[in-house]
Amino acid sequence: MKAITDRYGVNCLIQFEDFANTNAFRLLSKYRNKYLTFNDDIQGTASVAVAGLLAALRITMSKMCNHTIVFQGAGEAAMGIAELIIMAMEKEGLPREQCIKKIWMVDSKGLIVKGRDHLTHEKIRFAHEHAQMKKLEDVVKELKPTALIGVAAITGAFTEDIIKAMASFNKRPIIFALSNPTSKAECTAEQCYTLTEGRGIFASGSPFDPVTLPDGRKFYPGQGNNAYVFPGVGLGVTACAMRHISEEIFLITAETIAELVTERILQRGVCILLSKASGMFP
C-alpha cells in the first residue's frame with residue numbers, strides 16, 4: 001500500500017477484490033482510514049444488492065425496516081450487504097440492535113445462532129437466540145422472511161419447496177440469486193417467476209433471458225452486478241479528490257442506482273439495470 005502511494009500519490013484509488021474472507025475484512029479495517037481504498041466484494045456487492053432491495057420497496061409498498069432477510073451464505077458478500085441494510089434501516093429510524101435482529105444468516109453448518117461453535121467475529125454479530133437448524137428450507141419455513149438473498153455459490157440452493165414457501169407467506173417475495181456465474185445461481189429466473197406465479201421480485205448476479213409464463217405475462221429479470229457500482233464510485237471519488245471512502249458513499253450509491261429504476265422497468269419485472277439511456281431496453 002505504501003509503495004503504491006509513494007509511486008502514484010495519496011489520491012491513488014486502490015480497489016481490493018477476491019481476497020479470502022478473513023483477509024478481506026482485516027485489510028479493509030486496517031487500511032480504509034489510511035488510504036483511498038475499498039473492497040468491491042464487500043462494499044460494491046452490498047451497494048448493488050441494497051439498490052435492488054430499495055427498488056423492490058416500491059413494489060412491496062413498505063420500508064426496509066419492515067423486512068426480515070435471510071442470507072444463504074455468510075461470507076464477505078453477505079456481511080457487506082447486511083451492514084448496508086442495517087444502515088438503510090437506521091436511516092429510517094430503527095435502532096441498530098433491532099436492525100441486526102432482522103437479519104439471519106445460513107452458512108455451510110446451518111443457521112448462525114448464539115452458542116454455535118467456531119463462529120468468526122463477523123458471524124457472531126448476526127448470531128441470534130434460536131435453536132440450531134441445518135437446512136435452509138427449515139429456516140425459511142420457521143422464520144418466514146420477506147427477502148431471501150443467495151451469495152454462497154451453491155447451485156439450486158433455492159429449491160422448489162423454498163420458493164413456494166416464500167410465495168405462501170409473502171404477497172411479493174423478494175428472491176435474489178446473486179451468485180456468479182449463472183451455473184452457480186441459487187435458482188433461475190424461470191423457477192422464481194413460475195413457482196411464485198409471477199409474484200416474485202427477482203434479481204441475479206448474472207443475466208437470465210426473459211421469462212414468459214403460461215398466461216402470457218413476460219418478465220425481464222434484473223441483474224444485480226457490481227458493474228453498476230465500482231466504475232461510478234471510482235470516478236466519483238477520483239473526481240472529488242477524496243482521501244477516504246466512508247460506508248455512507250455506498251448507501252448513497254445504492255439509493256442513486258435504485259432511483260434509476262423507472263416504474264416501467266419495475267412493471268417489466270426488473271430490479272437492477274442501467275438507465276434507459278444505455279439502450280439495453282427500448
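**Inside and around**

Modeller: One cavity of 30 Å³ or more turns up by the rule used here (on a 1 Å grid over the protein atoms alone, a cavity is a set of points where a 1.4 Å probe fits but cannot get out; points are joined across faces, edges and corners, and volume is the space filled by probe spheres set on them). Bear in mind that this is a predicted model, with local features needing pLDDT of at least 70 and side-chain atom pairs pLDDT 80 or more, while totals for chains, interfaces and linings use all residues. Numbering runs from 1 along each chain as its sequence is written, and side-chain values use heavy atoms, leaving out hydrogens and water.

The largest cavity holds about 30 Å³ of space. Around it you'll find Phe16, Ala24, Leu27, Leu28, Thr37, Phe38 and Asn39 (lining means an atom within 4 Å of a point). Helix H2 (21–31) and strand E2 (37–39) each give at least two residues to that lining (helices, H or I with at least four residues, and strands, E with at least two, are DSSP runs numbered from the N terminus). By class the lining is five nonpolar, two polar and no charged (Ala, Val, Leu, Ile, Met, Phe, Trp, Tyr, Cys and Pro are nonpolar, Asp, Glu, Lys and Arg charged, the others, Gly among them, polar).

Asp18 isn't a glycine, yet its phi is positive, about 65°. Most residues other than glycine have a negative phi, and most peptide bonds are trans. Pro181 sits in the loop between strand E7 (174–177) and helix H9 (189–195).

Now the packing. The axes of helix H3 (residues 40–60) and helix H4 (residues 76–91) come within 7 Å and cross at roughly 55° (axes are lines fitted to C-alpha atoms over the stretch in contact, angles running from 0 to 180 degrees between N-to-C directions). H3 is therefore oblique to H4 (under 35 degrees is roughly parallel, over 145 roughly antiparallel, 65 to 115 roughly perpendicular, the rest oblique). On the H3 side the contact takes in Asp41, Ile42, Thr45, Ala46, Ser47, Ala49, Val50 and Leu53, facing Glu76, Ala77, Gly80, Ile81, Leu84 and Ile85 of H4 (contact means heavy atoms within 4.5 Å). That contact has nine nonpolar, three polar and two charged residues.

H4 also meets helix H11 (residues 247–259): their axes come within 10 Å and cross at roughly 80°. So H4 runs roughly perpendicular to H11. Leu84, Met87, Ala88 and Lys91 of H4 touch Glu247, Glu248, Phe250, Leu251 and Glu255 of H11. Five of the residues there are nonpolar, none polar and four charged.

Last pair: helix H7 (residues 136–143) and helix H8 (residues 160–168), whose axes come within 9 Å and cross at roughly 10°. H7 and H8 are therefore roughly parallel. Leu136, Glu137, Val140 and Lys141 of H7 make the contact with Asp161, Ile162, Ala165 and Met166 of H8.

Technical notes
On a 1 Å grid over the protein atoms alone, a cavity is a set of points where a 1.4 Å probe fits but cannot get out, and a pocket is an open set with protein on both sides within 12 Å along at least five of seven lines; lining residues have an atom within 4 Å of a point.
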